[in-house]
Amino acid sequence: MNYFILAYRNLRKKGIRSYLTLLGICIGIFAVVSLITLSNGLKLAVGSQFGVSSTELITVEGAGNGFGHPGSGQVNPLTQRDLQEIEKLSSVKAAVGRVIVAGKIEFNNKVVFGYATNIPSGKDRDILYQQIEAKTAVGRLLKDSDSGKILLGYNFYANKVGLGREIVPGNKVNIQGRDFEVVGIVEKKGSFIFDNIVFMNERDIESLYGSIEEWDFINVLPRDKKEIDKTKEDIEKLLRRLRDVKVGEEDFTVSTPEASLEQVNSILNAITIFIIIVASISIFVGAIGIINTMTTSVLERRKEIGIMKAIGATNRQIFMQFFIESGVLGLIGGAIGVIFGVVLGYFGIMGINNFIGAEIQPQISIYLIFFALLGSFLIGAIAGILPAMRAAKQNPVEALRG
Amino acid sequence: MKKEIDSDKAFIRLNNVAKYYEMGESVVKAVDGVSIDIKRGDFVAVMGPSGSGKSTAMNLVGSLDMPTKGHIFLDGEDISSLNESELAQVRGKNIGFIFQQFNLIPTLTVFENVVLPMALQGVPQYEREEKAEKILRRLDLLDRREHYPNQISGGQQQRVAIARALANDPEVILADEPTGNLDTKTGLKVMDFLTELNKEGRTIVFVTHSPELAKKYAHTIYWLKDGKIERVTKERKK
């Protein structure tokens, strides 16, 4: 006998009051589905912002020591000496100093403010290209012999930086009042930083901004990538000595992509736990709502139970009818929650993409949907156990009286 | 569990059966020491004023209710010793109920109402749908098969109830004031149909408070008063 058809028939006749009690389950499932979809997307987004799949890259940055009074140059920049000493460490294969400068970019009679970064010369150039996996979409990469030439991030080519039209190799772009010739466009990275930046040879940057005395950050390639954590410790030890700071008072940070990802993930996990608690409370309230609805339903349908028993329904069959009906009620709430959760997750990812210029595909997991639906059915069914037992135990004669 | 008892050819036997209800401090003796033997194929009317215990007696025969005292035998089997699940089986397979209030399931169509007792007995889908169609054709209800109970007349609803009672081909049809909610003409049609079923060999027991109806249709009439049998009369039919 098909309990699902019976359940469907009965639920179709139910009033809006019964469906309002589903809000709890609905909101709970909605929260879980949208959150998981969003946080999976966020993790991908964060990963892509590093613009690297090379997980062997260590980044050293200058940072405030937290002890200077406000405005007194909280950031203690990395010096040429810091760079040279890091390069000398035995566990370091190569270290490349990096600067990011802000400037005025003019093209097509339009002006935008953007960022430029340096490309070092010699073997450091190759190391950097390797680290950032630089490949061109069109044109070529910069060479040591290039002067007055630039390499652009993908968004200049895709006309997404506000300069009115796409820039292709051969175009002249005015930066800080000087014309530069574009030699190539870097492949799309899906990262806000990499896709919007101007790459320049170090000499050209120095010609615009003066000689580079301090580094914004230093990219370090460890000699052995399995020993990346040891390399990180070596650098920390060295910089503490050079900059004369104690453990815990560092005015610099040394981070590995994994550690940074972990940090982001741990924040996301904390948010996840919080949402799961909220969702659990909501689902619990929803379950109580279902118990309430089903108990009322059993009372309202006493006569029907009596009729069913008179025509041969066993207690087990009556139990199953109400049990399944309750499960389907939960399933309806869950399905609505899943729909809204998927929609929010999808548009949320789209929003993040827009905001940071990434192109993350929303990860809508079939398993997530399946388990959310299964879970909501089970919650409904479990909430229906007591009312269903009550229905099954009705005395047929009394039930028939209604 | 099954006790085979020499039934003396009695198909339904109530052996000194009593049903008491507790109403606060007092005890209501709805049925008080009733013994009845109904032969297979009999057409029986249970008569009596309201409160005489006729409906309670009917519920006991129909295994909807358990007696406080005494034993009830159906085809030699003591159904007063069965558990709830076994009683449900007895009701589903051997007894067809017809109620004064029709008692159709409002959320199911005419067709589904007739299919339901067979579904409860686990009759395969194809078989039960074919059977339901056959019964509905016999009761001239095929054109109403997709209607819901509230979309058809009282007479039609009672015919659906009869169709449902016939679904599992029971030997006994129990009808509790089957004409009580129908006009005279429709009521007589229902009684004629019960007569037809009786002629097929089914045992019919119906409760009524109308002596005319009892005398016109029943072969045996039990007159109940205050939970006891006052008298039994036999009617000769042509």
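Visitor: Where does Asp75(B) lie?

Guide: Asp75(B) is in the loop between β4 (69-74) and β5 (77-78) of chain B. Strands here are DSSP runs of E with at least two residues, helices are runs of H or I with at least four, and both are numbered from the N terminus. A word of caution: this is a predicted model, where local features need pLDDT of at least 70, side-chain atom pairs count only at pLDDT 80 or more, and totals for chains, interfaces and linings use all residues. Residues are numbered from 1 along each chain as its sequence is written, with chains lettered from A and ligands numbered from 1 in the order in which they are written.

Visitor: Why is Asp75(B) called partly exposed?

Guide: Asp75(B) has 16 other C-beta atoms within 10 Å. Buried takes 20 or more, exposed takes 12 or fewer, and partly exposed is in between, with C-beta atoms placed from the backbone. So Asp75(B), with its 16, is partly exposed.

Visitor: What is the phi of Asn109(A)?

Guide: Positive, about 60 degrees, though Asn109(A) is not a glycine. Asp75(B), also not a glycine, has a positive phi near 50 degrees. Most residues other than glycine have a negative phi.

Visitor: How many residues of chain B are in contact with chain A?

Guide: 20 residues of chain B are in contact with 16 of chain A, contact meaning C-beta atoms, placed from the backbone, within 7 Å. On the chain B side, α2(B) gives the largest share, six residues.

Key: Contact = placed C-beta atoms within 7 Å.
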